[in-house]
Amino acid sequence: MSENVTDINSVQTNEAPVIEFKGVSKRYTNGTHALEDVNIRINKGEFVFVVGSSGAGKSTFMKLIMREEKANTGTIKVNGFNLTKMRRKQIPMLRRTMGIVFQDFRLIPKMTVFDNVAFAMHVVGAPSRRIRKEVTNALAAVGLGDKARSMPNELSGGEQQRVGIARALVNNPALIIADEPTGNVDPNMSYDIVSMLASINKMGTTVLMVTHDHQLVREFKQRVIMLDSGKIVADNTAGGEEE
Amino acid sequence: MKLGDVRYLTKEGIKSTWANRLMTLASIGVLVACMVVIGLAVLISENGNKALGHLEKQNIVMAYMKDYSWALDMKTNADTADKTASEQTAASKSGNSSEKGDGAQDGAAAETPDENGIKNSDYVIHSDEEAKKLCKQIRKIDNVKNVEFISSEEGLKNVAEQLGKDESNKKLVMELLKDDNPLPRSAKITMTSMDEFDSTVKAIEELEGISNVRSQGDAAKKILSIKNGVQIAGIWMISILLLISLVIVSNTIRITMYNRKLEISIMKAVGATNSFVRLPFIVEGITIGLISAVISEGLLYFCYRVVTDELENVLGGAVIPFSHMALILLGIFAAIGTVSGVIGSSIMISKYLRKEGSEFAAI
Ligand SMILES: Nc1ncnc2c1ncn2[C@@H]1O[C@H](COP(=O)(O)OP(=O)(O)OP(=O)(O)O)[C@@H](O)[C@H]1O
Ligand SMILES: [Mg+2]
């Protein structure tokens, strides 16, 4: 993990943005207009909440960033990749620049906590010595250094999600994206999860997180993007939420 | 891809084969069944070829000689076709032979053309004596077992024989052609080994005095058509079995992929390349194929022993021993196993790898 501590408020905006949407629309093959003319710019080191009612297009927004879905119109740039022009073969390279945290944790039940995190390094071909070091670091960073040998089903929901964050973190990504990472975790655990993401953000990683939890958004005073029926209806850089 | 990756993925592939062992076992069972049937087909067809080879050995070729009737035939053909060409051939032929014939038909004066325009030097075999000498020469060729001289008259009789059972027909042919026999002298040749058939025919054809060699036809043709039929049926059967193997392996891989969709979705999310995701499944496919190959080889050995023990009593030791075929069969099986492993897994993988991330976890 990078050691330079960067305050979000001091980030220069003339730098190339980590995420840039220009006139992006997404229509699914069944005809649903999930996003319409979305323009957004997210800079390095920002922490951004994405909020909105169910079906507003939040997950679609995230999937476009991961290139799980392709935009119908407009241009998307993420971590220097032009997603609208990118070929399929390049998708893995894009994914290596980001860490993804899942709502349902996605831990492999038959692997230990350590192996679950190591898996993310193995499959991108990291050498085993580096794997051992980085996994240990990542687990320490999420406060699970002592649970390395545990199996996922021996952990609480909050702990499991912290393993998920360690896994997203371990390849040292420039961007972490999390679609409702606290969705399957009870409220007081949610706070810990977001704190963890916030402290990772403090070390320079851009974090983008979808949530339904207004309480969290209020507490963590960060930039909030609000979607409604596929459109950005509010982009509150000052933090807090308007309703 | 690095060596460490390959090791890791191979391990993963084998682990998954084991984790999926019930399905693996089932597909190995089907593959083994297919391979044993294919192996038996190969063994039967090889034995069949060998047996048919015996039959073919009794086959006989006819070598026709360049005698007076041949020259006459040539001249008639050439005259109607191209005059200048025939003159050239005649010119090049003159000086070839200085032998003098004394046969009834061949008795024309040395260099003066007879009433048909044929000179002595236009043909090689002037008498039955020369023909018999040529037969002795044929006999000296490797692989020639027996040579029987057939004079023009005998040849005519044979033709008449073939024309029908009707005695009057035969008589008619004999009467019509007796004085103007168009058949050249010939030799009926029996070969020792069918394997050298082509080279032997060539050696005979190269002899001075032989115009052409014809195999006796019918029997050989029939055997050949049976062989072709068996071969085509075999190819069809093997193709179908190969298709079954492919379907079985790809289905097994499909189930493995389904079982491992969580891993795959994570792999894709963290940026594993498709070829990296694919390799364990290909390893699994190949593992299934190769295990099947080894089992099939063993099983076939026992099957074949039982069958040949019976057959040998009937045929009397003419059966090909398994050891002669063992390596070829193992090679065939390994090839089938590898190919169906690679292709079978690739079919499913490419179908699934088009899906991305969470979409994958949702299948
Ligand atoms: N794969 C898909 N095919 C067709 N329509 C889809 C697909 N995924 C989402 N949609 C539709 O697109 C719209 C936006 O969906 P999306 O999942 O982005 O919403 P969301 O904001 O994430 O909702 P939630 O808060 O419930 O997760 C919805 O109307 C949804 O039904
Ligand atoms: Mg959603």
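**Exercise 1. Placing one lysine**

Find the helix of chain B that holds B:Lys133, and decide whether this residue is buried or exposed.

*Solution.* Start with the position: B:Lys133 lies in helix H5 of chain B, which covers residues 128–140. Keep in mind as you look that this is a predicted model. Next, take the relative accessible area, which is 56% for B:Lys133. The cut-off for "exposed" is over 50%, so B:Lys133, at 56%, counts as exposed.

**Exercise 2. Two chains side by side**

Describe chain A and chain B by their helices and strands, their buried residues, their contacts and their surface.

*Solution.* Begin with the elements. Chain A has 7 helices and 10 strands, while chain B has 13 helices and 4 strands.

Now turn to burial. Of the 243 residues in chain A, 55% are buried; for the 363 residues of chain B the share is 41%.

Then consider contacts between residues at least 6 apart in sequence. In chain A, 71% of them link residues 24 or more positions apart. In chain B, 82% of them join residues at least 24 apart.

Finish with the surface. Chain A has an accessible surface of about 10900 Å², and 48% of that belongs to carbon and sulfur atoms. Chain B exposes about 19800 Å², with carbon and sulfur atoms supplying 61%.

**Exercise 3. A helix pair in chain A**

Work out how helices H3 and H4 of chain A are arranged, and which residues bring them into contact.

*Solution.* First locate the pair: H3(A) spans residues 113–122 and H4(A) spans residues 128–141. Their axes are 9 Å apart and meet at an angle of about 125°. That angle makes H3(A) oblique to H4(A). The crossing of H3(A) past H4(A) is right-handed.

Next, list the partners. H3(A) contributes A:Val113, A:Phe114, A:Val117, A:Ala118, A:Met121 and A:His122. From H4(A) come A:Arg130, A:Ile131, A:Arg132, A:Glu134, A:Val135, A:Thr136 and A:Leu139. Sorted by type, the residues of this contact are 8 nonpolar, 2 polar and 3 charged.

**Exercise 4. How covered is H3(A)?**

State how many of the residues of H3(A) are buried, and name them.

*Solution.* The count comes first: 8 of the 10 residues are buried, so H3(A) is mostly covered. Reading along the helix, they are A:Val113, A:Phe114, A:Asn116, A:Val117, A:Ala118, A:Phe119, A:Ala120 and A:Met121.

Definitions and conventions
Residues are numbered from 1 along each chain as its sequence is written. Chains are lettered from A and ligands numbered from 1 in the order in which they are written. This is a predicted model: local features need pLDDT of at least 70, side-chain atom pairs count only at pLDDT 80 or more; totals for chains, interfaces and linings use all residues. Side-chain values use heavy atoms; hydrogens and water are left out. Axes are lines fitted to C-alpha atoms, for helices over the stretch in contact, and angles run from 0 to 180 degrees between N-to-C directions. Helices (H or I, at least four residues) and strands (E, at least two) are DSSP runs, numbered from the N terminus. Angles under 35 degrees count as roughly parallel, over 145 as roughly antiparallel, 65 to 115 as roughly perpendicular and the rest as oblique. A crossing is left-handed if the near helix is turned anticlockwise from the far one by less than a right angle, and right-handed if clockwise. Contact means heavy atoms within 4.5 Å. Ala, Val, Leu, Ile, Met, Phe, Trp, Tyr, Cys and Pro count as nonpolar, Asp, Glu, Lys and Arg as charged, and the others, Gly among them, as polar. Buried means under 20% relative accessible area, exposed over 50%, partly exposed in between (1.4 Å probe, protein chains only). Accessible areas come from the Shrake-Rupley method with a 1.4 Å probe; for residues, only the protein chains shown count as cover.
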